[in-house]
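Here is a short briefing on one protein chain. Look over the fold first, then go through the points by topic.

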Amino acid sequence: MSATHTSQLPEAAALLNPAFGAYILSHSAAAYAVAATEPESHLPWPSAFLVLPLVLPPDSRRALPRDTRTPLAGWLADNTMIRAAFPQRAPALHAYTQGCIRFGIRHGTLALAGGGLRATRKPAKPDSSQPADEAATCVRAAVLVGRWFAATDTATLFTLLGVRP
């Protein structure tokens, strides 16, 4: 994204900050670890590259359900436009996600463990005094996505989203 483009869209520049992406990934990895049925489970490395393309675009973030009672497959069936756009979004955010992971590892909020990504500590929650705050809605979305991913086999996850690792 060019400097001119992000200066016109400051919220886009803020959302595409590597520190923010690492923060979102740490919430998703922490939620995955809590929701996983296997002890010491970590967000699988390939799945980490699917989090930000689901969480950051406003259309998909706003369409996400409030909780995991709605399964991922059902949500995707109801949101065909988001499902159709995902195969373009995921590769477009691949390099950004790599940078976010590197940032998180370098700053001690993320770690590689057992073929996956884990939060090194419980991530701080954003200020909830502003319920419409972008950061808070991204965190809620990241937690939901982490829980969904814990309930879905990695291969199935990629198939549902129409992408390959």
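How many helices and strands make up the secondary structure of the protein chain? There are 10 helices and 3 strands. Helices (H or I, at least four residues) and strands (E, at least two) are DSSP runs, numbered from the N terminus. This is a predicted model, where local features need pLDDT of at least 70 and side-chain atom pairs count only at pLDDT 80 or more, while totals for chains, interfaces and linings use all residues. Residues are numbered from 1 along each chain as its sequence is written, and side-chain values use heavy atoms, with hydrogens and water left out.

**Overall make-up**

- From the N terminus, the element order is α-α-α-β-α-α-α-α-α-β-β-α-α.
- The protein chain has 165 residues, and 45% of them are buried. Buried means under 20% relative accessible area, exposed over 50%, and partly exposed in between (1.4 Å probe, protein chains only).
- Take the contacts (heavy atoms within 4.5 Å) between residues at least 6 apart in sequence: 72% join residues at least 24 apart.

**The sheet**

- The 3 strands form an open, antiparallel sheet in the order β1-β3-β2. β1 and β2 are the edge strands, since each pairs on one side only.
- Strands count as paired if DSSP finds at least two bridges between them.
- Strands of a sheet pair through backbone hydrogen bonds, either parallel or antiparallel.
- β1 (residues 43-44) pairs with β3 (residues 116-119) over 2 bridges. Here Leu43 stands opposite Leu117.
- β2 (residues 110-113) pairs with β3 over 4 bridges. Ala111 stands opposite Arg118, and Leu112 stands opposite Leu117.
- The hairpin of β2 and β3 has 2 residues between the strands. In this hairpin, Gly114 takes a positive phi near 55 degrees.

**Thr152**

- Where is Thr152 found? Thr152 lies in the loop between α9 (134-150) and α10 (154-161).
- Why does Thr152 count as buried? Thr152 counts as buried because its relative accessibility is 16%.
- The Thr152 side chain reaches the backbone oxygen of Trp148 at 2.9 Å.
- Leaving aside neighbours within four places in sequence, Thr152 is in contact with Leu157 and Leu160.

Note on methods: A polar contact is a pair of N or O atoms within 3.5 Å; within protein, one must be able to donate a hydrogen and the other to accept it, and residues adjacent in sequence count only if both atoms are side-chain atoms.
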